[in-house]
Amino acid sequence: MALGLIVIGLGFVVDVTTGRDLSLSLVYVAGVGLMVWAGSARVGLLGAVGASAAVFADGIQNSVATGTALANAVTAFVLLLATVAVVDYMHAKMVREASRARFDPLTGLSNRLACEERCTIEIARLHRRARSLSVAFLDFDGLKQVNDVRGHAAGDAALIHLAKSSQAVLRPTDLLSRIGGDEFVLLMPDTDHDEATSVVRRIQGRLAEADGDKAAMVTAGLVTWHSAPQSIEDLFVEANALMFRAKRTGGDRHLASQVIG
């Protein structure tokens with residue numbers, strides 16, 4: 001926003017200095033556009049008022065008739081209002097698209113991209129100081145059967161229920177992401193192994209209670225890290241391997257877990 005004001009101010013100085021031979025209206029447009037993009041439409045509107053006042057003052061300084069100077073200022077204000085509207089619309093649209101790119105459209109959960117971004121942050125935190133990070137790989141075992149027997153609408157409803165019921169037992173700092181059709185990753189920062197196990201159990205229990213039979217179950221692989229993994233791949237691979245182990249052996253109520261570090 002400060003840069004936008006500086007651009008408008010420089011434009012005014014150059015306009016006054018160069019007289020009538022050179023108009024820097026585009027500089028005012030750039031300044032107002034910066035203020036909208038970095039601030040808001042309201043901030044941009046203030047910039048438009050200031051730039052229009054600069055146009056009027058420039059006209060008076062260069063001996064332009066008062067009526068003409070006022071008309072030029074009004075014209076500049078209308079142009080800058082259009083700039084505010086266009087830039088604000090483009091910025092809002094970009095923010096919406098960026099948000100959509102990080103969320104699963106069906107469940108509203110974070111997607112793989114958002115999950116990997118958060119994983120990068122949590123790994124960096126583990127490198128900086130000793131703490132714990134629990135990561136669970138969840139597989140919705142019964143999804144294919146639900147789709148086959150009850151239809152895809154029922155499968156979608158089951159995924160939505162899984163997302164909502166899981167969110168109900170999570171803290172604001174936890175992140176549940178849908179990274180595939182029936183695969184989810186749960187990040188639980190500053191969570192020890194016993195607490196993380198309890199959270200996964202509650203998620204499994206909520207789904208079983210709602211489904212009423214064994215057709216839909218969640219198999220989980222849980223890793224609690226006390227030392228930072230080398231990469232996101234390591235973070236995922238360990239939990240994913242445990243999930244497949246639980247799936248093959250039946251595990252302890254379909255949960256396999258490990259503590260590293």
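This briefing describes selected helices, a surface patch, the cysteines and the salt bridges of one protein structure.

The structure is a predicted model, in which local features need pLDDT of at least 70 and side-chain atom pairs count only at pLDDT 80 or more, while totals for chains, interfaces and linings use all residues. Residues are numbered from 1 along each chain as its sequence is written, and side-chain values use heavy atoms, with hydrogens and water left out. Helices (DSSP runs of H or I, at least four residues) and strands (runs of E, at least two) are numbered from the N terminus. A residue is called buried under 20% relative accessible area, exposed over 50%, and partly exposed in between (1.4 Å probe, protein chains only).

- Helix α4 comprises 35 residues, 66-100, and reaches 51 Å from its first C-alpha to its last. This is close to the expected span of 51 Å, which is 1.5 Å times one less than the number of residues.
- The buried residues of α4 are Ala69, Ala73, Ala76, Leu80, Thr83, Val84 and Val87.
- Helix α9, residues 232-249, has 18 residues and reaches 26 Å, close to the 26 Å expected.
- In α9, the residues Ile232, Leu235, Phe236, Ala239, Leu242, Met243 and Ala246 are buried. They lie on the same side of α9 because they cover an arc of only 135° around the axis, the arc being that of the directions from the helix axis to the C-beta atoms.
- Glu233, Arg248 and Thr249 are exposed residues on the face of α9 turned away from its buried side.

**A nonpolar surface patch**

- Trp37, Val86, Tyr89, Met90, Met94 and Val95 make a nonpolar surface patch of about 590 Å². Patches consist of residues with over 30% relative accessible area and no salt bridge; like charges are joined within 9 Å, and nonpolar side chains (Val, Leu, Ile, Met, Phe, Trp, Tyr) within 5 Å. Accessible areas come from the Shrake-Rupley method with a 1.4 Å probe; for residues, only the protein chains shown count as cover.
- Helix α4 provides the largest share of the patch, five residues.
- Trp37 belongs to helix α2 (residues 25-38) and is partly exposed, with a relative accessible area of 36%.

**Cysteines**

- A disulfide is a covalent bond between the sulfur atoms of two cysteines. The criterion here is a pair of cysteine sulfur atoms within 2.5 Å, and a search of the whole structure finds zero.
- The sulfur of Cys115 is 4.1 Å from that of Cys119, its closest cysteine sulfur, which is too far for a bond.
- Cys115 is buried at 0% relative accessibility, and Cys119 is buried at 0% as well.

**Salt bridges**

- Side chains of opposite charge can pair when their charged atoms come close. With a salt bridge defined as a side-chain nitrogen of Lys or Arg within 4 Å of a carboxyl oxygen of Asp or Glu, the count is nine.
- Arg178 pairs with Asp104, with the closest N and O atoms 3.2 Å apart. This pair links distant parts of the chain, as Arg178 is in strand β2 (residues 175-178) and Asp104 is in the loop between α4 and α5, 74 residues apart.
- Arg178 is buried at 15% relative accessibility, and Asp104 is buried at 11%.
- Glu122 and Arg125 form a salt bridge with a closest N and O separation of 3.0 Å. These two residues are three apart in helix α5, so about one helical turn separates them.
- Arg125 also forms a salt bridge with Asp190, at 3.5 Å. Asp190 lies in the loop between β3 and α8, so the pair ties together parts 65 residues apart in sequence.
- Salt bridges with shared partners join Arg118, Glu122, Arg125, Arg131 and Asp190 into one network.
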